[in-house]
Amino acid sequence: MAILGYLMFGSEVQSQITLNLPTNKLSSRIAIYTTLVNPISKYALMVTPIINATKAWFPYHSNKRLFRHMVGTSVVMSTLLVALAVPFFGSLMSLVGAFLSINASVTLPCLCYLKISGSYQKFNGEMVGIGLVIVMGIFVVIFGTYASLVDIIHMFKF
């Protein structure tokens, strides 16, 4: 992706792909807003089970609307405080993303598909394509985890 960005924009390329998009086009604005909505929706999906489990600890109060709002607000505020208090929170999240998210969204689905479909028993173009995706996922996990760990280690050096 970095090579393609450099070939398209030259030395003016910026680290985030959305910063390179022209802001005066409707298609660029849609892409930027979609990119902004994605983490917000993922956060809500990830926090909902935590909020539901917290509400389950108090079965008598869980039917009250004010209590439900207070639990949700408390969980969101606590994650905000952790993100602000821990200086390497972003690097920690990139470590988790590189290691767990790539495995969960790239490598494991391909392996499960091979097992369920039985495609691993015959060598054909589909097997080669899926194998390449698995190898790419493993490389991303290795290099992403390494880069995140190096970033975290550099934060602890004075």
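Valine 150 sits in helix H5. Helices here are DSSP runs of H or I with at least four residues, strands are runs of E with at least two, and both are numbered from the N terminus. Valine 150 is partly exposed, because its relative accessible area is 28%. Buried means under 20% relative accessible area, exposed means over 50%, and partly exposed lies in between, with a 1.4 Å probe and protein chains only. Serine 78 is 72 residues from valine 150 along the chain, and 27 Å separate their C-alpha atoms.

A word on the source. This is a predicted model, in which local features need pLDDT of at least 70 and side-chain atom pairs count only at pLDDT 80 or more, while totals for chains, interfaces and linings use all residues. Residues are numbered from 1 along each chain as its sequence is written, and side-chain values use heavy atoms, with hydrogens and water left out.

Stay with helix H5. H5 has 32 residues. From its first C-alpha to its last, H5 reaches 47 Å, close to the 46 Å expected at 1.5 Å a residue. The expected span is 1.5 Å times one less than the number of residues. Which residues of H5 are buried? They are Ile130, Ile134, Gly137, Val141, Thr145, Ser148 and Ile152. These buried residues pack against helix H4 (89-117).

Serine 148 gives a detailed view of H5, which covers residues 125-156. Serine 148 counts as buried because its relative accessibility is 6%. Contact means heavy atoms within 4.5 Å. Leaving aside neighbours within four places in sequence, serine 148 is in contact with Ser91, Ser94, Leu95 and Ala98.

Now turn to helix H2. It covers residues 26-56 and has 31 residues. At 1.5 Å a residue H2 should span 45 Å, and its end C-alpha atoms are 45 Å apart, so the two values agree. Where does H2 kink? A kink of about 30° lies at valine 47, shortly before proline 49. The bend at a residue is the angle between two axes, one fitted to the seven residues ending there and one to the seven starting there.

The buried residues of H2 are Ser28, Ile32, Val47, Ile51, Thr54 and Lys55. Helix H3 (65-85) is included in what covers them. Serine 28 lies in H2. Why does serine 28 count as buried? Its relative accessibility is 6%. Leaving aside neighbours within four places in sequence, serine 28 is in contact with Leu21 and Pro22.

Valine 75 shows H3 from its own side. This residue lies in helix H3. Valine 75 counts as buried because its relative accessibility is 11%. Neighbours within four places in sequence aside, valine 75 is in contact with Tyr43, Val47, Ile50, Ile51 and Thr54. Isoleucine 152 is 77 residues from valine 75 along the chain, with 26 Å between their C-alpha atoms.

Next, the domains. The chain is divided into domain 1 (23-85) and domain 2 (87-157). The bounds come from an automatic or database domain assignment. The centres of domain 1 and domain 2, taken over C-alpha atoms, are 26 Å apart.

Serine 11 lies in the loop between helix H1 (2-9) and H2. Is serine 11 buried or exposed? Serine 11 counts as exposed, because its relative accessibility is 65%.

In an unreviewed entry, UniProt places the feature "transmembrane region" at residues 39-58, 70-89, 95-116 and 128-149. UniProt positions are given in the numbering used here, feature names are shortened, and annotations may be inferred rather than shown by experiment. Over residues 39-58 the chain is 90% helix and 0% strand, with end C-alpha atoms 29 Å apart. Over residues 70-89 the chain is 85% helix and 0% strand, and the end C-alpha atoms are 25 Å apart.

Last come the cysteines. A disulfide is counted as a pair of cysteine sulfur atoms within 2.5 Å. By this rule there are zero disulfides. The sulfur of cysteine 110 has its closest cysteine sulfur in cysteine 112, and the 9.4 Å between them is too far for a bond. Cysteine 110 counts as buried because its relative accessibility is 15%. Cysteine 112 counts as partly exposed because its relative accessibility is 43%.
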